[in-house]
Amino acid sequence: MAHFTQKAILQSFENMLYKMSFDKITVSSIVADCEISPNTFYYHYRDIYDLLTAWLEAKSKKYVDMISVCGWKEALKTLLRDIKETPEPVYHLSHSLSRERVEKYVFETMNDEFYKFICSQTGECDIDSETLRTISEYTCYAGVGFFVKFLWNNMKDDTDEAVDRIATIFDSCIEYAKENKIEKFKK
């Protein structure tokens with residue numbers, strides 16, 4: 001029953017994101033929509049931000065799982081295509097008061113995935129983890145900037161072409177790191 005209730009809360013939250021900005025969504029409105037008590041909501045989530053994090057994790061899981069199957073480029077292309085099809089939740093989050101929180105979540109999720117990918121690509125090279133983390137953070141900042149620009153351009157960019165362009169730069173960074181072992185970063 002608890003899993004069913006969580007799914008209902010998440011679905012109610014998502015339905016509301018299609019209609020309104022995140023900062024307009026309240027626990028009271030979700031409770032009323034789900035026909036549950038506030039205590040039931042708080043049994044599952046600390047607050048609306050905890051619910052947001054759970055929703056983002058559930059949504060991003062599909063794309064994170066895709067990375068190991070078809071690679072990060074295809075996962076990113078699929079994500080961007082999906083966002084173009086239903087842009088309302090993304091715009092309602094990015095234009096809300098909690099945009100900083102969303103960007104932090106996206107950065108942290110992407111950074112971990114970039115780090116894993118870079119480690120897998122440079123595994124046989126003798127590059128220390130701190131340097132790999134620096135490369136990961138750099139590429140992650142570029143990725144978040146790429147995504148924000150995608151939103152600024154009202155999602156009109158050709159997603160496949162844009163991802164292929166950024167992938168060329170990203171792949172070049174990894175090749176440079178492997179060839180030069182980034183000695184300049186080491187202390």
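Phe 13, Phe 22, Tyr 49 and Trp 55 come together as one aromatic cluster, where rings of Phe, Tyr and Trp (its six-membered ring) are taken to pair if their centres lie within 6.5 Å, with planes under 30 degrees apart counted as stacked, over 60 as edge-to-face and the rest as tilted. The model is a predicted one, in which local features need a pLDDT of at least 70 and side-chain atom pairs count only at pLDDT 80 or more, while totals for chains, interfaces and linings use all residues. Residues are numbered from 1 along each chain as its sequence is written, and side-chain values use heavy atoms, with hydrogens and water left out.

The predictor's confidence in each residue is expressed as pLDDT, from 0 to 100; the chain averages 87, and 94% of the residues score at least 70. Among the helices, which are DSSP runs (H or I, at least four residues) numbered from the N terminus, helix 7 (residues 99–121) has the lowest confidence in the chain, at a mean of 80, whereas helix 2 (residues 27–34) has the highest, at 97.

In total, the structure holds 12 aromatic pairs. One of them joins Trp 72 and Phe 170, whose ring centres are 5.1 Å apart and whose planes stand at 85 degrees, so the pair is edge-to-face. This pair links distant parts of the chain, since Trp 72 belongs to helix 5 (residues 72–85) and Phe 170 to helix 9 (residues 159–180), 98 residues apart. Both Trp 72 and Phe 170 are buried, a term that denotes under 20% relative accessible area, with exposed meaning over 50% and partly exposed in between (1.4 Å probe, protein chains only).

Ser 136 is placed in helix 8 (residues 129–152) and counts as buried because its relative accessibility is 0%. Its C-alpha atom is separated by 9.9 Å from that of Phe 170, 34 residues apart along the chain. When residues up to four places away in sequence are not counted, Ser 136 touches Asn 111, Phe 114, Tyr 115 and Ile 118, contact meaning heavy atoms within 4.5 Å. The side chain of Ser 136 also reaches the backbone nitrogen of Tyr 115 at 3.3 Å. The ring of Tyr 115, in turn, has the charged end of Arg 133 over it, 3.7 Å from the ring centre; the criterion requires NZ of Lys or CZ of Arg within 6 Å of the ring centre and within 35 degrees of the ring normal.

With a disulfide defined as a pair of cysteine sulfur atoms within 2.5 Å, the count comes to 0. Cys 34 counts as buried at 18% relative accessibility, whereas Cys 119, with a relative accessible area of 25%, is partly exposed.

Note on methods. Helices (H or I, at least four residues) and strands (E, at least two) are DSSP runs, numbered from the N terminus. A polar contact is a pair of N or O atoms within 3.5 Å; within protein, one must be able to donate a hydrogen and the other to accept it, and residues adjacent in sequence count only if both atoms are side-chain atoms.
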